[in-house]
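Thank you all for making the time this morning. I would like to walk you through one chain, going from its overall make-up to a few local details, and I will begin with a term that we need along the way.

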Amino acid sequence: MPVPPSSESPSAQARGRKAVRKAEQAQDGKPQAGEAKKTLSPAQQALLKLGLRRDIDLALHLPLRYEDETRITPLRNAREGDTVQIEATVTHSEVQLRPRRMLKVTVDDGTGSCVLTFFSFYPSQQKAMAVGARLRIRGEVKGGFWGRQMMHPAFRAAGGELPTALTPVYPTVASLPQPYLRRAIATALLRADLSETLPSGEQPPVEQNYGQNGLQPLYDLRSALTFLHHPTPDVALATLEDHTHPAWQRLKAEELLAQQLSQYEAKRERARLKAPVLRPVSDELTQQFLAQLPFGLTGAQQRVVGEIRADMERRIPMHRLLQGDVGSGKTVVAALSAVACIAAGWQCALMAPTEILAEQHFGKLVGWLEPLLAPLGKRVAWLAGAQKKKQRAEMLALVESGEAALVVGTHAVIQEQVQFRNLALAVIDEQHRFGVAQRLALRQKLAHTGLEPHLLMMSATPIPRTLAMSYYADLDVSTIDELPPGRTPIVTKLIGDSRKDEVIERIGAQVASGRQVYWVCPLIEESEALDLSNATATHENLSEMLPGVMVGLLHSRMPAAEKKAVMELFSAGVMGVLVSTTVIEVGVDVPNASLMVIEHSERFGLSQLHQLRGRVGRGAAASACVLLYSVNDNGRLSDTGKERLRAMAETNDGFEIARRDLEIRGPGEFLGSRQSGAPMLRFADLEQDVLLLDWARELAPRMLEHHPALAARHVSRWLGGKAEYLKA
Ligand code: ADP
Ligand code: MG
């Protein structure tokens with residue numbers, strides 16, 4: 001599944017993980033993995049690898065499914081397709097050689113017979129199944145012309161007590177056999193501290209259809225876990241599978257509560273921090289800025305600017321996400337926020353995930369701001385990885401002295417050598433491409449004053465409401481829900497690979513009429529090298545098929561200067577077609593480009609496609625996006641593939657697309673780097689468990705207020721050392 005590359009450096013990730021591990025160690029005070037690695041058995045190592053360290057981790061490792069070994073089914077009653085346990089006597093046993101070597105064992109339990117087939121078997125097994133042996137056998141019954149059959153059933157000698165509960169089957173790996181895991185979990189379940197953490201009288205809601213007759217017991221954590229690991233055979237298995245069983249409800253409620261608590265706690269901690277109050281002495285600079293803009297702000301832009309400025313005038317650091325569809329005009333909102341910050345006498349930083357994007361922001365902001373800043377003796381500074389030493393030193397000096405009122409750049413902005421005089425506002429564009437570590441580093445930039453800068457994060461991938469309520473509960477959200485006027489909607493077409501030549505013809509026509517075209521090359525998962533060779537080949541192909549048209553190539557491995565040169569040619573309108581890998585992508589703004597072709601569109605996430613598509617339709621010209629898809633061997637796209645791409649053709653609304661993406665792909669995409677360091681919800685489902693989510697949202701702040709010790713215990717039980725990580 002293509003996910004946007006995390007910009008977090010491996011070392012930052014390692015640091016994050018280390019922090020998590022440390023916190024966990026501190027937490028349960030036991031010696032940990034690393035210390036005695038060599039003496040660990042493969043199964044023990046596998047446990048650690050699965051994150052099953054503490055007793056509670058094991059207790060929360062729940063079965064995938066169950067096997068019913070609690071009863072013996074008479075063969076007469078075993079229906080085709082049933083997985084049953086029988087006790088029967090071997091009446092015949094032989095090794096057949098045709099069509100291949102196999103052991104055929106016939107058993108009879110007095111009510112019927114069944115043939116067991118084994119394609120691989122040890123002599124010892126053959127012996128155990130000798131004629132006359134009585135066996136307890138478990139497997140799936142297949143009917144058929146030759147009577148009942150089981151392929152490779154499990155078997156052992158008959159007799160012995162039947163268990164009273166269903167047998168759990170856990171998610172595991174090869175080196176960790178079920179019986180070992182079962183024992184480890186059963187022991188942990190007895191040992192783990194599962195004492196109640198919910199304040200008395202604060203039961204989560206129970207689904208209506210349960211407990212109507214008052215017989216259904218209410219579960220606490222211990223009884224819920226005990227039940228889910230070893231349910232009684234009378235349970236409706238479907239309610240375990242779809243997690244609607246009250247024991248599951250209890251577990252999901254607890255999980256959501258832990259996550260809400262950690263979010264509220266983060267919010268409260270943030271509220272204790274202090275930020276500079278950014279109240280401009282006069283509104284003159286803002287007025288000048290607006291006067292020279294070639295357009296007026298939309299209502300939505302005005303509203304969000306108001307929200308941001310109100311935040312920045314408070315003593316508490318802003319922690320706000322500005323979300324708006326591609327092309328909704330977030331940059332100018334960032335610029336106005338910067339102006340307010342500068343007018344109050346402080347510095348602002350704007351960071352973008354790629355050099356191209358940062359460069360575009362820089363160009364735009366210099367144009368907008370330098371005329372206003374020059375009379376004040378201030379400038380806009382540029383910081384990027386590929387910078388010449390001399391220029392870099394110059395820029396660093398500007399930042400340090402405060403002459404640079406605004407600093408624009410890539411990750412270079414947060415490097416240690418960058419010393420701000422008084423950074424008060426940090427803007428992060430495409431925030432989901434940055435990691436926790438980077439956000440933390442930005443916040444450190446004002447630490448020498450004991451203050452925190454205000455943080456404004458921008459994203460074109462809107463967060464669905466349920467996610468905003470849960471994972472981003474400690475984040476304020478501003479939404480630009482209106483596009484600037486005069487845009488023509490983008491027409492999206494799905495076209496099969498086989499018609500690529502037609503598409504290329506159409507490109508020729510577009511370029512001939514003075515328009516420009518993007519061609520985005522397929523994303524090949526985990527292989528930058530393949531991405532590249534693909535882009536190079538496409539570039540050659542297009543150059544050949546479009547004589548007289550300048551076709552450019554942009555990819556992530558190119559030196560920055562070369563990228564810049566290509567971008568300049570395209571921006572200036574000299575280059576007709578730009579072939580690029582996606583790594584470059586997001587955020588480029590060339591209004592004359594009106595056609596985008598995305599190859600192998602079925603490999604992209606919807607939100608990603610939507611962002612890419614947003615590169616066109618920026619001017620007044622009618623724009624189109626062609627989603628080329630390739631079909632599988634039987635000539636068809638998979639159903640999900642088609643459904644996904646159809647969503648793209650049906651709507652231009654980024655929110656709707658995000659919603660469908662969430663349905664199809666799950667929430668990972670939206671969470672950016674949180675997905676790497678923090679557990680997603682394992683049990684609860686944000687869409688389905690709204691009732692429980694509401695309960696948790698309501699309880700969390702009260703619990704922090706009145707039962708802080710219980711709250712702390714609850715969070716550490718559920719999130720362990722990861723709680724800290726969730727807060728950044
Ligand atoms: P995004 O939200 O995707 O970052 P941009 O900030 O790049 O969008 O804006 C997209 C384009 O729309 C830019 O060319 C920008 O100058 C222009 N724009 C922004 N706001 C307005 C407006 N209110 N009226 C007209 N054009 C606008
Ligand atoms: Mg943008």
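When I say that residues meet, or are in contact, I mean that they have heavy atoms within 4.5 Å. Please also keep in mind throughout that what you see is a predicted model.

With that term in hand, let me start with a pair of helices, H24, which covers residues 690-706, and H25, which covers residues 708-719, whose axes come within 5 Å and cross at roughly 120°. Because angles of 65 to 115 degrees count as roughly perpendicular and those over 145 as roughly antiparallel, H24 is described as oblique to H25. On the H24 side the contact involves Met-703, Leu-704, Glu-705 and His-706, and these meet Pro-708, Leu-710, Ala-711 and His-714 in H25.

Stepping back to the whole chain, we have 26 helices and 21 strands, and of the 728 residues 52% count as buried. The chain exposes about 32,800 Å², of which carbon and sulfur atoms supply 53%. If we take the contacts with a separation of 6 or more, 77% of them are made by residues 24 or more positions apart.

Now to the sheet: in what order do its 7 strands run? The order is S11-S12-S10-S13-S14-S9-S15, in an open sheet with parallel pairing. Strands S11 (379-383) and S15 (476-480) stand at the edges with a single partner strand each, so that one side of each has no neighbour in the sheet. On average, and ignoring direction, neighbouring strands here are turned by 20° against each other. Within the sheet, S10 (residues 347-351) pairs with S12 (residues 404-409) in the parallel sense over 4 bridges, and Leu-350 stands opposite Val-408 in S12.

Two helices lie across these strands. Helix H11, residues 330-343, lies across S9, S10, S12, S13, S14 and S15, and runs at about 175° to S13, while helix H13, residues 389-401, lies across S10, S11 and S12, at about 130° to S11.

Finally, some backbone details in loops. Arg-98 and Pro-99 are joined by a cis peptide bond with omega of about -5°, and Pro-99 lies in the loop between strands S2 and S3. His-152, in the loop between S6 and S7, has a positive phi near 45° and is partly exposed, with a relative accessible area of 40%. His-243, in the loop between helices H7 and H8, has a positive phi of about 60° although it is not a glycine.

Key
Residues are numbered from 1 along each chain as its sequence is written. Chains are lettered from A and ligands numbered from 1 in the order in which they are written. This is a predicted model: local features need pLDDT of at least 70, side-chain atom pairs count only at pLDDT 80 or more; totals for chains, interfaces and linings use all residues. Side-chain values use heavy atoms; hydrogens and water are left out. Two strands pair if DSSP finds at least two bridges between them. Axes are lines fitted to C-alpha atoms, for helices over the stretch in contact, and angles run from 0 to 180 degrees between N-to-C directions. Angles under 35 degrees count as roughly parallel, over 145 as roughly antiparallel, 65 to 115 as roughly perpendicular and the rest as oblique. Buried means under 20% relative accessible area, exposed over 50%, partly exposed in between (1.4 Å probe, protein chains only). Accessible areas come from the Shrake-Rupley method with a 1.4 Å probe; for residues, only the protein chains shown count as cover.
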